[in-house]
Amino acid sequence: MVFAPSAKELSHFPFLKKSQDHIKLRFSSLDSLLVDPKGDALAARAISRIKEAISPKKGFSPKVTSSADEEIAGYALARIIVSCANDRQLIDRLTRYEAERAYYFLVNEEEWNQNYRSEDGRYSRLWLTIADELGVHITEDRMRVADYIELVAPMHDDRFRLINRHVAQGFVEIKSDEKYELLRERIRVLLRRDLPHRVPQPICELLAPKAAEIKKVYQEQMLRQFGTVEEQAFPPCIRTLIAALSSGMNLTHAGRFALTAFLHNIGMDTLAIAQLYARAPDFDAEKTMYQVEHITGRGGTGTDYTTPSCAAMQTTALCVKRNAFCERVNHPLSYYKMKKAEPKKTPVPDKQAPEKSKTVK
Ligand code: SF4
């Protein structure tokens with residue numbers, strides 16, 4: 001029997017063809033969606049979706065209060081708004097968010113889906129339907145080599161390199177958890193490929209205030225992130241890495257890792273970190289975001305990497321320009337913490353300036 005996903009299932013995966021067909025029954029066109037009595041509420045849902053996408057902290061929950069119509073329409077409108085905003089970073093953020101959201105609902109399907117059904121103990125019926133529609137063909141925990149290579153091409157995690165995989169008789173072995181990661185990557189790539197949409201000018205004009213609102217929120221968030229970081233307290237090794245980037249040098253893998261992990265550990269947003277790399281001559285936004293998110297634990301590995309210790313930095317020749325303060329620490333993060341906690345020096349008075357109390361009458 002052909003599987004017909006429920007409205008709830010469709011709302012969690014709004015990019016599916018069946019989800020789009022579902023919403024077309026309700027709204028015949030984009031214009032009708034915007035002039036619908038619920039138009040403002042749908043736009044608000046779209047805006048909150050984009051805000052979640054650009055927020056440093058994602059709060060996915062199995063409890064979704066909006067109706068299926070609102071969720072799917074909100075998804076579609078959000079994509080239209082970022083297309084009108086025509087901002088590459090916003091588009092990347094939204095695409096990654098949608099892929100992460102779908103990943104969350106797939107991994108936790110048993111928690112929220114009363115219709116959950118496992119087909120053979122390994123794959124849920126819903127997972128199989130989505131994978132089939134998106135062209136991810138994994139059966140019996142293995143995938144054809146050619147399909148695998150195409151799917152993992154944009155991924156930079158060493159785990160997925162063919163050289164690190166078990167390959168037999170033309171098939172690559174896929175671990176149980178990895179099937180979700182591969183599907184998430186497929187979703188991200190497919191959703192990104194379609195953006196920006198070519199939205200008719202009158203519709204973009206109608207949505208201009210929404211697009212401007214989102215851009216403003218995004219910029220404010222970036223400023224907040226930078227505002228909390230005290231560059232003056234960075235240890236010399238990290239300053240040197242930043243200076244190298246700023247002067248247009250490419251960093252070694254170890255250098256990128258140390259810098260990214262440090263900035264992440266002190267609370268800098270992944271996007272702000274990635275923007276730092278925009279100074280590098282070989283800057284590639286997609287690749288950089290992927291690497292940064294991998295190191296910061298948002299790339300699906302679940303591992304939140306920590307900055308290497310001073311001893312490890314010495315091994316990779318990254319411990320440079322040591323100063324007296326370095327003698328008191330064994331970790332760049334300890335350096336930063338201690339430096340930040342130091343009382344701020346009061347400005348030294350100008351020796352040339354006449355002292356008022358000694359004025360001779
Ligand atoms: S001693 Fe530690 S903090 Fe100082 S430069 Fe070397 S690695 Fe950085």
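User: Hey, quick one to start: what covers the buried residues of H9?

Analyst: This is a predicted model, to be clear. In it, the cover over the buried residues of H9 includes strand S1 (142-144), strand S3 (171-173) and H10.

User: And which residues of H9 are buried?

Analyst: Tyr148, Leu151 and Val152 are buried there. They sit on the same side of H9, because they cover an arc of only 85° around the axis.

User: OK, switching to the core. Which residues touch the most other members of the largest nonpolar core?

Analyst: That core has 52 residues, and the ones touching the most other members are Ile50, Ala73, Leu77, Ala78, Ile81, Val82 and Leu94. Several helices each put in at least two residues, among them H4 (39-54), H6 (88-107) and H11 (201-228). The largest share comes from H5, with 12 residues.

User: What is isoleucine 50 in contact with, leaving aside neighbours within four places in sequence?

Analyst: Ala78, Ile81, Val82, Leu94 and Ile214. There's also a second, separate core of 25 residues, which includes Phe234, Ala274, Cys310 and Leu318.

User: Now the ligand. Which residues are around it?

Analyst: Pro235, Pro236, Cys237, Cys310, Met313, Cys319, Arg322, Cys326, Val329, Pro332 and Tyr335.

User: Which helices supply at least two residues of the shell?

Analyst: Helix H12 (236-246), helix H16 (310-315) and helix H17 (332-341) each do.

Note on methods
Residues are numbered from 1 along each chain as its sequence is written. This is a predicted model: local features need pLDDT of at least 70, side-chain atom pairs count only at pLDDT 80 or more; totals for chains, interfaces and linings use all residues. A residue is near a molecule or strand if its C-beta atom, placed from the backbone, lies within 6 Å of it. Helices (H or I, at least four residues) and strands (E, at least two) are DSSP runs, numbered from the N terminus. A nonpolar core is a set of buried Ala, Val, Leu, Ile, Met, Phe, Trp, Tyr and Cys residues joined through C-beta atoms within 7 Å. A residue is buried if 20 or more other C-beta atoms lie within 10 Å of its own, exposed if 12 or fewer, and partly exposed in between; C-beta atoms are placed from the backbone. Two residues are in contact if their C-beta atoms, placed from the backbone, lie within 7 Å. The arc is that of the directions from the helix axis to the C-beta atoms.
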